[in-house]
Amino acid sequence: MKDFKFDVPLFVFTWTYISEGVFKISSLLIDEYPLLVLPSLAEEIGLNEAIVLQQIHFWLSKEKNFIDGRYWVFNSYEDWSKQFPFWSVSTIRRIFGKLEESGLVISGNYNKIGADRTKWYSIDYEKVSEISPPSVQIK
């Protein structure tokens, strides 16, 4: 198979050659990593919260920081804003606060330097399972 790329301002279309006269177009409009939105979860907890919760789940699935019986991901709010460039830092702070308040996200501090206030996050998958429809697979 051979891939062909066509650059159009803001968009990169990738066509994969399948066979004579048959090409498959990429399923993404532009060449960047997508964020996932689970519609049923967004209905229950809010769109912004569902986007962030799914992104936390994505990073937890990398299984890098296992502490106190669960996986954790850490970032400053400024670093989270690189993943969510369409939100201000104050909006990101508010979203994380709502997720923590609801109990869906657990925060901690496992930094090696005491003065480092970077928050660590994990998901309470039992709490998520209470609001998710049975068809949603929880790790």
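Colleague: Hi! Which residues of helix 4 are buried?

Modeller: Hello! The buried residues there are Thr91, Ile92, Ile95, Phe96 and Leu99. They sit on the same side of helix 4, because they cover an arc of only 135° around the axis. That arc is taken from the directions that run from the helix axis to the C-beta atoms. "Buried" means under 20% relative accessible area, "exposed" means over 50%, and "partly exposed" is in between (1.4 Å probe, protein chains only).

Colleague: Before we go on, where do these values come from?

Modeller: This is a predicted model, where local features need pLDDT of at least 70 and side-chain atom pairs count only at pLDDT 80 or more, while totals for chains, interfaces and linings use all residues. Residues are numbered from 1 along each chain as its sequence is written, and side-chain values use heavy atoms, leaving out hydrogens and water.

Colleague: And how do you decide what gets called a helix or a strand?

Modeller: Both are DSSP runs, numbered from the N terminus: helices are H or I with at least four residues, and strands are E with at least two.

Colleague: Back to helix 4, then. What covers its buried residues?

Modeller: The cover includes helix 1 (39–45), helix 2 (47–60), helix 3 (77–83), strand 6 (105–108) and strand 7 (119–123). Covering is judged by contact, meaning heavy atoms within 4.5 Å.

Colleague: How far apart are the end C-alpha atoms of helix 4?

Modeller: They are 20 Å apart, which agrees with the 20 Å that its 14 residues (89–102) should span. The expected span is 1.5 Å times one less than the number of residues.

Colleague: Nice. Which residue follows helix 4?

Modeller: Gly103 does, and its phi is positive, near 85°.

Colleague: Changing topic: how many salt bridges does a search of the whole structure find?

Modeller: Three. To count, a side-chain nitrogen of Lys or Arg must be within 4 Å of a carboxyl oxygen of Asp or Glu. One of them joins the side chains of Glu49 and Lys98, at 3.8 Å from N to O. Glu49 is in helix 2 and Lys98 in helix 4, so this pair links distant parts of the chain, 49 residues apart.

Colleague: Is Glu49 buried or exposed?

Modeller: Glu49 is buried, with a relative accessible area of 9%. Lys98 is partly exposed, at 47%.

Colleague: What does Lys119 pair up with?

Modeller: The side chain of Lys119 meets that of Glu100 in a salt bridge of 3.0 Å, N to O. Lys119 is in strand 7 and Glu100 in helix 4, so they tie together parts that are 19 residues apart in sequence.

Colleague: And which residue forms a salt bridge with Lys82?

Modeller: That is Asp79, with the closest N and O atoms 3.3 Å apart. Both lie in helix 3, three residues apart, about one turn of the helix. Lys82 is exposed at 65% relative accessibility, while Asp79 is partly exposed at 31%.

Colleague: Which residue is the bridge partner of Gly108?

Modeller: Trp120, in strand 7.

How values were computed:
Pairing = 2+ DSSP bridges.
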